[in-house]
Amino acid sequence: MQVHLVDGTYELFRQHFGATAGGTRTPGEFDATTGVLASTIQLLADGATHVGVASDHSIESFRNELFDGYKDGSGMPPELTVQIPLMEEALVALGVTVWPMVEYEADDALASAAAVAGADQRVERVLIVTPDKDLGQCVVGDRVVQFDRRKGLFVNEAGVVDKFGVPPESIADWLALVGDTADGIPGLPGWGAKSTSAVLARYGHLEHIPDEAGRWDVPGLRGAAKLAGTLAERRDDAMLFRTLATVVTNVDVGSVDEWEWSGAAPEFSTLCDRIGAQHLVARVERLKR
């Protein structure tokens with residue numbers, strides 16, 4: 001058994017901006033939702049049996065209370081904001097498990113589901129269907145991997161190390177120092193990707209990095225004194241940023257058995273009529289033959 005855990009918010013963005021690539025046309029009112037449905041149906045057609053989709057029902061989360069600069073809904077196109085509940089409704093009608101997040105984020109639901117599936121001995125592989133670097137911290141060997149459908153790329157634990165220079169357990173520390181503009185995490189000044197990878201490859205976590213550069217054992221690192229000074233001065237900020245970057249793994253997402261797809265609900269056809277996607281009904285009907 002394989003489990004597919006899909007970042008619905010990312011998929012909505014991907015379908016919207018993929019449809020408008022090149023500026024050749026103006027997307028229809030429901031095109032992004034239709035695209036997510038079509039993409040999910042294709043996932044099922046390709047053999048997926050246990051599927052869960054997480055979405056940011058509310059763009060803000062508990063992290064906004066911790067840091068004023070954390071991402072909010074201001075950067076999201078309004079035409080996508082209004083489609084989030086519609087996408088959720090459509091996926092439920094398709095018969096797919098949906099986790100609409102309010103207090104937490106879609107990433108937290110995905111991380112929690114990955115933990116549940118990873119602990120289930122019947123599951124051979126867990127695919128976290130998103131390229132989001134935050135989810136790299138959930139990768140475990142070849143068993144829990146990330147899957148970038150757009151590129152057809154699977155990223156296992158070795159792939160995380162190859163990309164970031166650190167293992168999955170250090171990804172949140174890496175994001176704390178380097179920053180993550182997509183989430184509004186600024187990082188620390190001067191801490192670039194290469195220097196951060198070098199230091200964390202040696203020390204693993206923020207709390208293990210000495211304040212004084214003279215105590216660092218990182219051969220060939222340039223600007224160590226300045227990096228150490230910045231970290232010593234702003235260590236509390238770095239620890240906060242790590243908290244922001246760390247996914248929650250205890251969101252209630254149910255069990256693997258509850259995520260098994262058993263067909264669309266009767267209202268799926270009606271919903272497809274509503275959004276002008278009746279062609280998807282026949283595709284779903286063919287899946288159960």
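The legends below walk through close-up views of a predicted model.

View 1. Six strands make up an open sheet in the order E3-E2-E1-E4-E5-E6, and their pairing is mixed. Strand E3 (97-101) and strand E6 (153-155) stand at the edges with a single partner strand each, so one side of each has no neighbour in the sheet. From one strand to the next, the twist averages 25 degrees.

**View 2. Strands E4 and E5, with helix H6 across the sheet.** Strand E4 (residues 125-129) and strand E5 (residues 144-148) run parallel and are joined by 3 bridges. To find your way along this pair, look for Leu 127, whose bridge partner in E5 is Val 145. Helix H6 lies across strand E1 (2-7), strand E2 (50-56), E3, E4 and E5. Relative to E1, helix H6 runs at about 175 degrees.

View 3. Searching the whole structure turns up 1 cavity of 30 Å³ or more. The volume of the largest cavity is about 40 Å³. Its lining is made by Arg 63, Tyr 70, Glu 105, Asp 107, Asp 108, Asp 134, Asp 183, Leu 244, Ala 245 and Val 247. Helix H6 (106-118) and helix H11 (235-245) are the elements that give two or more residues to this lining.

**View 4. Asp 108 in helix H6.** Here we zoom in on one of the residues that line the largest cavity, Asp 108, which is found in helix H6. Is Asp 108 buried or exposed? Asp 108 has a relative accessibility of 0%, so it counts as buried. Beyond its neighbours within four places in sequence, Asp 108 is in contact with Phe 62, Arg 63, Thr 246, Val 247, Val 248 and Val 251.

View 5. Ala 176 is found in helix H8 (residues 171-178), and it is buried, with a relative accessible area of 0%. Setting aside neighbours within four places in sequence, its contacts are Gly 187, Leu 188, Leu 206, Ala 238, Phe 241 and Arg 242. Ala 238, Phe 241 and Arg 242 are also among the buried residues of H11, together with Arg 235, Leu 244 and Ala 245. The buried residues of H11 pack against helix H3 (63-66), H8 and helix H10 (224-233).

**View 6. The largest pocket.** This pocket has a volume of about 550 Å³. It is lined by 22 residues, and those nearest its centre are Phe 13, Lys 71, Asp 132, Ala 182 and Asp 183. At least two lining residues come from each of helix H1 (8-19) and H6, with the largest share, 3 residues, supplied by H1. Sorted by class, the lining holds 7 nonpolar, 4 polar and 11 charged residues.

**View 7. The second largest pocket.** The volume here is about 220 Å³. Of the 14 lining residues, Pro 131, Asp 148, Leu 153, Val 155 and Lys 163 lie nearest the centre. E5, E6 and helix H7 (157-164) each supply at least two residues of the lining. Which element gives the most to this lining? Helix H7 does, with 4 residues. The lining divides into 7 nonpolar, 3 polar and 4 charged residues.

Terms used. Residues are numbered from 1 along each chain as its sequence is written. This is a predicted model: local features need pLDDT of at least 70, side-chain atom pairs count only at pLDDT 80 or more; totals for chains, interfaces and linings use all residues. Side-chain values use heavy atoms; hydrogens and water are left out. On a 1 Å grid over the protein atoms alone, a cavity is a set of points where a 1.4 Å probe fits but cannot get out, and a pocket is an open set with protein on both sides within 12 Å along at least five of seven lines; lining residues have an atom within 4 Å of a point. Grid points are joined across faces, edges and corners, and a volume is the space filled by probe spheres set on the points. Two strands pair if DSSP finds at least two bridges between them. Axes are lines fitted to C-alpha atoms, for helices over the stretch in contact, and angles run from 0 to 180 degrees between N-to-C directions. Contact means heavy atoms within 4.5 Å. Buried means under 20% relative accessible area, exposed over 50%, partly exposed in between (1.4 Å probe, protein chains only). Ala, Val, Leu, Ile, Met, Phe, Trp, Tyr, Cys and Pro count as nonpolar, Asp, Glu, Lys and Arg as charged, and the others, Gly among them, as polar.
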